[in-house]
Amino acid sequence: MRVLRQIHARMVTQWMPIASFSFGLCKIIGFCALSPHGDIDYAWRLFSQIRSPNIFSWNSMIRGYSQSQTPSKDPVILFRKMAKRGYPNPNTYIMAFVLKACSIVPAMEEGRQVRATVLKSGFGSSPSVETALVNLYAKCEDIVLARKVFDEITDRNLIAWSTMISGQAKIGLVNEALSLFGDKQIVGVVPDEVTMVSVISACAASGALDTGWWVQAYIKKQLIEPNLGLSTALVNMYAKCGWIERAKEVFDAMPVKDTKAWSSMIVGLAIHGLAEDALEEFSRME
């Protein structure tokens, strides 16, 4: 960032053609907004000084705010400002990131407004926009509307499947989540860790031990590397489904354990009446 600030200072103090200055400024804004080493606040200061930002700068700022560690409605606010300035219809790229921001906050009403713009602009059939809509509705727990949009997607990607399964499992539609996971296998979409965590959580909620055991076998077959979240979900599932020995095996095999993993194991032991074992694990956690 220090070097970029120096470059910007030189651009301001030395004369250069307007086109070159604008191009350079857009590149600096893009880096500051999107790079892990950037500074979104500095990007905003530069952006706010431009009388007529181009579409690249708008894209960069909206995307940058949607990726921020602190969820906010800033992408939606920027999107509205862009529309008020009379820019041409936004592209699917911007639409998807604005919808993503709405799902993170979450901001259902703003999402509905963006969707109206989507339909008006003719981007309703864009896979990226449709997937973003599924994600928004699922995160806001409007699962009926999420499923409606999901069913309308002609070319569903992994994110769309994972989002729909996770959304159903989250609100307790266990059978629907497991059924959708089965449909996913039929069409040949290979799941990722996020999908598997949702399926395992659904098994835990329904007490479907056989299905949960099959899911773990499937994970091994597909060579999916069990990360911390996936391993913790397996521990929780086996404990809740009554196979505490298997839960302990998975737990002991975990190279890294966080508070959630320890809690799942300790609570599992406790509900099975293994008080001494639970206390022993608790002492190990400390």
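The model is predicted, so local features need pLDDT of at least 70 and side-chain atom pairs count only at pLDDT 80 or more, while totals for chains, interfaces and linings use all residues. Residues are numbered from 1 along each chain as its sequence is written, and side-chain values use heavy atoms, with hydrogens and water left out.

**Stop 1: the cavity**

Select Tyr65, Ser66, Ser68, Pro71, Ser72, Pro75, Ala101 and Ile104, which line the largest cavity. On a 1 Å grid over the protein atoms alone, a cavity is a set of points where a 1.4 Å probe fits but cannot get out; a pocket is an open set with protein on both sides within 12 Å along at least five of seven lines; lining residues have an atom within 4 Å of a point. A volume is the space filled by probe spheres set on the points, which are joined across faces, edges and corners. This cavity has a volume of about 40 Å³. Now colour helix H4 (55–66) and helix H6 (92–104): each supplies at least two lining residues. Helices are DSSP runs (H or I, at least four residues), numbered from the N terminus.

**Stop 2: the largest pocket**

Next, select Thr131, Ala132, Asn135, Ile159 and Thr163, the closest to the centre of the largest pocket among its 17 lining residues. The space here is about 330 Å³. Which helix gives the most to this lining? Helix H8 (127–139) does, with 7 residues.

**Stop 3: the second largest pocket**

Move on to helix H12 (193–206), helix H14 (228–240) and helix H16 (259–271), which each give two or more residues to the lining of the second largest pocket. About 240 Å³ of space lies in this pocket. H14 provides the largest share of the lining, 5 residues. Select Asp258 and Lys260 too, as they are among the lining residues.

**Stop 4: two cysteines**

A disulfide is a covalent bond between the sulfur atoms of two cysteines. Here the term means a pair of cysteine sulfur atoms within 2.5 Å, and the structure holds 0 of them. Select Cys140: its nearest cysteine sulfur, that of Cys102, is 8.2 Å away. Then select Cys203, where the nearest cysteine sulfur, that of Cys241, is 7.1 Å away. Is Cys203 buried or exposed? Cys203 is buried, at 0% relative accessible area, while Cys140 is partly exposed at 22%. Buried means under 20%, exposed over 50% and partly exposed in between (1.4 Å probe, protein chains only).
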